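Here is a brisk report on charged side chains and their contacts. Look over the sequence and the model before reading on.

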Amino acid sequence: MALPAFVNEAYATALTGPYGTVYADRERELAFEAALAAAPQLKARLSANENPWGPSAKAKEALIKSVDTSFLYAGPVVMELRKMIAQQAGVSEEHILLGAGSSELLSASVMMAAPKGKILMADPCYISSRDDKSDSSGMQLDKVALTKDYQYDLNAMAPRVSSQTSLVYICNPNNPTGVMLPAEQLRSFCESMSPKAPVLVDEAYIDYAPNPKTDSMVDCIRKGQNVIVLRTMSKLHAFAGLRVGYAIAQPAMIKELRKYCSGGFSISTPSAAAALASLADTEFQNFALQKTNESKKFLYDFLKQADYSWLPSSTNFVLFPLRMKSQPFMAKMMEEGVSVRRWEFDNQHWCRVSIGTLDQMKAFAGAFQKVVS
């Protein structure tokens, strides 16, 4: 009877305390979303790394059909989804934990680890605060700067893993940089560090990697290592609003993480049914990836023509350095009907632009030329 109240309280705790904000600059993110919602005549929403082509036709069909049975609890279809994910990952169902997007499972991981010690991470990464405010709220963040080419510095991180480390967080490909670690380097790191502390590899963007299967760290779990892999369907599968994600880890770790989340109970019947259809629809996945790459090439060509550099991206977004302050740049782009994200690190202002449709990328290019001219 106490479970729903516990889950709600735990999730609220993850977002607001006592261990601080899980996500970087959450207050700024909320303010930005409010401004985005109020933006007049938005031509291109390129600020949230969403898939603008939407879910596959098969996923939509399954979604609509499932509405007739959505008065029933989602248990059977969620169990079927868990089984399918386990089969695709080559692990048992006991290795899988479902959640409403990977955000729920990331929160659970942080809640589990924060009271036990320090969370080691790169800076910047998805859960590192851009202004360090989260450190003052109780969560112990052990941050290691990226290398000069904005890659994870595994050689610097390894000596920092100690008995005081409760979790090692690695976002690969990284957000906000889009840069990806070579698989063998990360695999070696996981093998040597996971006996000392759990290594969480956030693979939210792995579907955009050159070789998603071999670039993933799921094989570390199959070898019995203390590694947690997080996945979301919010990106390539276009489920940002449908909310389906999962964790892959050792069964004992899955049992521990379940204490801090819904364990899949938060996934609706329509979302689970659509997820089953989308995971089986490789034709759509190939289509979405092809379209993303076409639009990314357009962006690369435009930036090159405009004499701007960028970081090599294995994701559906691109980060590039600006020649003006990021706050007025983002505001002026919004006035032109294009939303982007801004970052400030390494004494540099940056723009992160999500990959949209070709028309949206053209809208970005037109707005960018006007704003920086």
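## Arg342 and Glu344

Arg342 and Glu344 pair through their side chains in a salt bridge, 2.6 Å from N to O. The term covers a side-chain nitrogen of Lys or Arg within 4 Å of a carboxyl oxygen of Asp or Glu. Arg342 is buried at 10% relative accessibility. Glu344 is partly exposed, at 39% relative accessible area. Buried means under 20% relative accessible area, exposed means over 50%, and partly exposed lies in between (1.4 Å probe, protein chains only).

## Basis of the model

This is a predicted model, with residues numbered from 1 along each chain as its sequence is written. Local features need pLDDT of at least 70, side-chain atom pairs count only at pLDDT 80 or more, totals for chains, interfaces and linings use all residues, and side-chain values use heavy atoms, leaving out hydrogens and water.

The whole structure holds 12 salt bridges. Some share partners: Glu184, Arg187, Asp219 and Lys223 are joined into one network this way.

Is Asp219 buried or exposed? Asp219 is buried, with a relative accessible area of 15%. Lys223 counts as exposed, at 58% relative accessibility.

## A pair within helix 3

Lys65 and Glu61 also form a salt bridge. The closest N and O atoms of this pair are 3.3 Å apart. Both residues sit in helix 3, which spans residues 57-66. They are 4 residues apart, about one turn of the helix. Helices are DSSP runs of H or I with at least four residues, strands are runs of E with at least two, and both are numbered from the N terminus.

Lys65 is exposed, with 58% relative accessible area. Glu61 is partly exposed, at 43%.

## Arg231 in strand 7

Arg231 belongs to strand 7, residues 227-232. Its relative accessible area is 16%, so Arg231 is buried. Which residues does Arg231 touch, not counting those up to four places away in sequence? They are Ser102, Glu203, Ile206, Ser216, Val218, Gly245 and Tyr246. Contact here means heavy atoms within 4.5 Å.

Ser216 also makes a polar contact of 2.9 Å with Arg231, side chain to side chain. A polar contact is a pair of N or O atoms within 3.5 Å; within protein, one must be able to donate a hydrogen and the other to accept it, and residues adjacent in sequence count only if both atoms are side-chain atoms.
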